[in-house]
Amino acid sequence: MVQESPGIDRRAILRAAVAGGGGLAFAGTLWQGAALAAPAQNGPGPYGALRAADANGIRLPNGFTSRVVARSGRIVPGTGFVWHGAPDGGACFPDGQGWIYVSNAELPGGNGGVGALRFDANGDVTGAYAILTGTSRNCAGGPTPWHTWLSCEEVEHGYVFETDPYGVAPPARRDAMGRFTHEAAACDPDRQVVYLTEDERDGCFYRFVPHAWGNLSQGGTLQVLVAGGGTSGSATWQTVPNPTPSPGQTPTRSQVGGAKRFVGGEGAYYADGHCWFTTKGDNRVWRFNAADDTYELAYDDDLVNNGPAPLTNVDNITGSALSGDLFIAEDGADMEINLITPDEVVTPFLRIEGHGSSEITGPWFTPAGDRFYFSSQRGTSGSSSGGITYEVTGPFRTRGGGPGDTTPPTAPSALTTDGITETTVTLAWTASTDDTGVHRYAADLDGTVVNPAVTGTGHTYTGLSAGTTYVLGVTAYDAAGNASPRATATVTTAGDPPGGGEFGNHTDVPIRDRSTATSTIAVRGVGAAASFEVDLVILHTWVGDLTIDVIAPGGREWRLWNRSGGSADDIRQTFTLNGAGVAADGTWTLRIHDHANRDQGHLDSWTLRF
């Protein structure tokens, strides 16, 4: 088990966020200004009825398709990595033109942890790896705005572990976030706190206030929600005296009198000033209003008054930043993912047939909001070794979108740049027009989307390199998803341009049959990668066995060699690559995978030249 340590390199992760583009779902609007006069009610959904089950046993609305991306106990196709058992909570992170999906392993006895799947821009899996091992019952968790994954142990004295989805920084245990039966975590960047749920019959709702937002290694204060016994009202926060009790000491949840009790806290999701969280013991979805510290019911199956309640055994929860819909997974029951719309309608989105002894876990959208991932924790077998992780694609809606509208908005105009520093710049524009109204803007950096859901007429780019020229772009979208022409502005950041340099590693690394070898190089004082070269010397008796990737500090990958060359010996080659928008400073990794038996070799040397 890993121990409390600084661990995560915040600067590297922030660079990954800029280079990769896209936020998570923190920037979107979700039920903005909704009053919730009554909990959500059963009704027809925006996608229509579910069709018959597809080849994967999943019932989906018209236009949607599913595929299996990983199975527990089996090698992830295209990689040498075996996917973990009992997949649970998960989330997506931007990775260049692609993305990464992380998934907890809810396995006991130190067999838990977190696995990751890396996808390219086409949705093909290009890598799989572990980012945490040796922990127990990693159930849910949550992403952070600085692109780390908080993985939570659902055991009596469990911890929160901060992990790096890009597989570069080591994981770190965050003791200050409390020791209890953790379930989920949801970051609130507006108040700079992290909300935490507890899976106990008399569990609490917590918030962690870090001493330094974006750097959890510096500790912080754990507080618990204090309120009455009603289903709505005002609340206060009180500090937990001993957030890390040892066995035999007073449990965390019992240290503050008046703490509000929740029956089995499960998933949590934050957007636009509100934290939604679920309690499975009473089949409720709660909404905490962070601006005024009030709470209320968003859904209660006992209060559905127009037919059978469609949503029971509530568990993991996520949301779409583009549509404002909440997506809630069921633990058993009908094995459905239901959505709750901003109109307060609850309706099934999908159902898995033939998985009667399983639960649905890990629902999350890609940064662009166009693909959706989740798992059946125990699959058809009912065993943790039978888990299956899926992807769903289809016509996911934007807020208020509907059929029939084919007219795109006009392009944003009168683009201006302001607030230019060595690392930031603000882009502003005049609003687009549309026959039905502009729904959102997507801001991009050198063609890579960095925020898919800008609701105003400006965006601030951060994490840039000094003295570097960038092309800033913006595209308008209407509610039906029609896109305007892209408008652009070119800007050069302040300061001297980054320096070049040559960095090498001449340490021999063996390349063994059907295994992966890695080597690293530390780069300093370069700034932006721009165009760069990789000199590679590999001595091997059958280079057609090899795939070779070079990985930037922020996680972006370039495939250098893809099992080409057949039976030829050795690779002595220089590769010229485009690193536009990628920060060069940090640790670069060369990854070599041998896909066959018999022929072996070693990495002789490799050099980066900027």
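**View 1. The largest nonpolar core of the predicted model.** This core holds 42 residues. Val76, Val102, Leu117, Phe119, Val285, Tyr299 and Ile340 touch the most other members. Strand S7, residues 125-135, gives the most to this core: five residues.

**View 2. Surroundings of Val76.** Neighbours within four places in sequence are left aside here. Beyond those, Val76 is in contact with Val69, Ala70, Phe81, Trp83, Leu117, Val125 and Ala128. Val76 and Leu117 are both among the residues that touch the most other members of the core.

**View 3. A second, separate core.**

**View 4. Strand S43 and its pairing with S38 and S40.** S43 spans residues 586-594. Eight of its nine residues are buried, so the strand is largely enclosed by the rest of the structure. Strand S38 (residues 516-523) pairs with S43 in the antiparallel sense, over eight bridges. Here Thr518 has Arg591 of S43 as its bridge partner. Strand S40 (residues 546-551) also runs antiparallel to S43, joined by six bridges. Ile551 stands opposite Thr589 in S43.

**View 5. An open sheet of four strands.** The order is S8-S9-S10-S11, and the pairing is antiparallel. S8 (138-143) and S11 (172-173) stand at the edges. Each has a single partner strand, so one side of each is left without a neighbour in the sheet.

**View 6. The S9-S10 pair.** Strand S9 covers residues 149-153, and strand S10 covers residues 160-163. Four bridges join these antiparallel strands. Trp149 has Thr163 in S10 as its bridge partner.

Notes: Residues numbered from 1 in each chain as written. Predicted model: local features only at pLDDT ≥ 70, side-chain atom pairs only at ≥ 80, totals over all residues. Heavy atoms only, no water. Buried < 20%, exposed > 50% of the residue type's maximum accessible area, 1.4 Å probe, protein only. Helix = DSSP H or I, 4+ residues; strand = E, 2+ residues; numbered from the N terminus. Pairing = 2+ DSSP bridges. Core = buried A, V, L, I, M, F, W, Y, C linked by side-chain atoms within 4.5 Å. Contact = heavy atoms within 4.5 Å.
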